[in-house]
Amino acid sequence: MEVHIIENLRSILERIGQACERCGRNPEEVRLVLATKTVNPENIKIALANGGFMIAENKIQELKEKYEALKTTKHLNHFIGHLQTNKIKEVLKYDVSCIESVDRLELAEKLQKRLEFEDKYIDVLIQVNTSQEESKFGISPEETLSLIKKISTLNRIRVKGLMTIGLLSAEAERVRPCFRLLKKLQQKILAERIPNIEMRKLSMGMSGDFETAIEEGATLVRIGTAVFGKRIYPDSYYWDEGK
Ligand SMILES: *Cc1c(COP(=O)(O)O)cnc(C)c1O
């Protein structure tokens with residue numbers, strides 16, 4: 001198991017570098033986020049000791065369960081799952097440095113309130129539903145700009161960019177339009193020069209499509225299976241929750 005994780009990770013980092021080279025991008029611009037749902041702390045530690053430094057969980061419960069075991073390891077925690085407002089307190093408690101899945105005003109407003117109370121700030125990405133699949137969370141592309149304008153008035157929340165889950169398809173060319181749309185939205189929002197809004201980060205691309213995402217401008221790729229192996233739960237368990 002250990003050998004596989006190390007080898008897989010090396011191979012992914014190499015492929016990220018090669019994808020950057022192919023499209024003339026600086027490899028420094030693209031960071032690997034390890035999607036660690038269902039992965040135990042021992043295996044996460046192996047990845048962190050061998051080139052990984054950012055991990056992401058989908059569920060507060062898992063974040064909580066692994067927190068103690070990973071506390072002494074130097075790494076960044078992202079949150080990439082659907083966040084219910086009653087879990088805001090917890091997400092802050094477990095040192096999440098970036099919530100990639102902010103997709104509605106109500107969540108942002110409650111987050112702002114809690115951050116004020118704790119005297120904290122947090123980085124977020126706005127999750128956009130670029131595939132327009134009913135089952136996926138995320139704000140619609142049409143409503144993204146107006147949501148961001150509203151969030152820009154919440155001073156404890158630092159919007160750093162956008163996140164999306166592309167269409168689940170084995171064919172890169174079917175996923176590409178989702179990534180292209182996110183990039184286009186980024187440009188549109190940048191042109192508005194909204195105070196308090198940064199748009200440098202584009203989190204897009206997973207095990208099956210990260211090279212396409214890099215070609216389309218990803219700065220964060222979220223990869224689980226290709227490093228840690230197959231999961232026993234279907235992704236719908238993580239993405240369709242509550243829908
Ligand atoms: C699980 C997950 C990933 C990684 O998926 P893999 O196909 O295992 O690489 C990326 N983003 C989100 C939001 C996820 O839930």
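This is a predicted model: local features need pLDDT of at least 70, side-chain atom pairs count only at pLDDT 80 or more; totals for chains, interfaces and linings use all residues.
Local features need pLDDT of at least 70 and side-chain atom pairs count only at pLDDT 80 or more, while totals for chains, interfaces and linings use all residues. Residues are numbered from 1 along each chain as its sequence is written, and side-chain values use heavy atoms, with hydrogens and water left out.

**Ligand site**

Around the ligand are 13 residues, of which Lys 37, Asn 58, Ser 207, Thr 225 and Arg 231 come nearest; a residue is near a molecule if one of its heavy atoms lies within 4 Å of it. This shell divides into six nonpolar, four polar and three charged residues. Here Ala, Val, Leu, Ile, Met, Phe, Trp, Tyr, Cys and Pro count as nonpolar, Asp, Glu, Lys and Arg as charged, and the others, Gly among them, as polar.

| Residue | Distance to a ligand oxygen atom |
|---|---|
| Asn 58 | 2.7 Å |
| Thr 225 | 2.3 Å |
| Arg 231 | 2.7 Å |

On its own the ligand has 390 Å² of accessible area, and the protein covers 96% of this (Shrake-Rupley method, 1.4 Å probe).

**Positive phi**

Most residues other than glycine have a negative phi. Asp 95, in the loop between helix 4 (88–93) and strand 4 (96–102), has a positive phi near 55 degrees. Gln 132 has a positive phi of about 60 degrees and is found in the loop between strand 5 (122–128) and helix 6 (141–151). Helices (H or I, at least four residues) and strands (E, at least two) are DSSP runs, numbered from the N terminus.

Asp 95 is partly exposed, with a relative accessible area of 47%, and Gln 132 is partly exposed at 45%. Buried means under 20%, exposed over 50%, and partly exposed in between (1.4 Å probe, protein chains only).

Terms used. A polar contact is a pair of N or O atoms within 3.5 Å; within protein, one must be able to donate a hydrogen and the other to accept it, and residues adjacent in sequence count only if both atoms are side-chain atoms.
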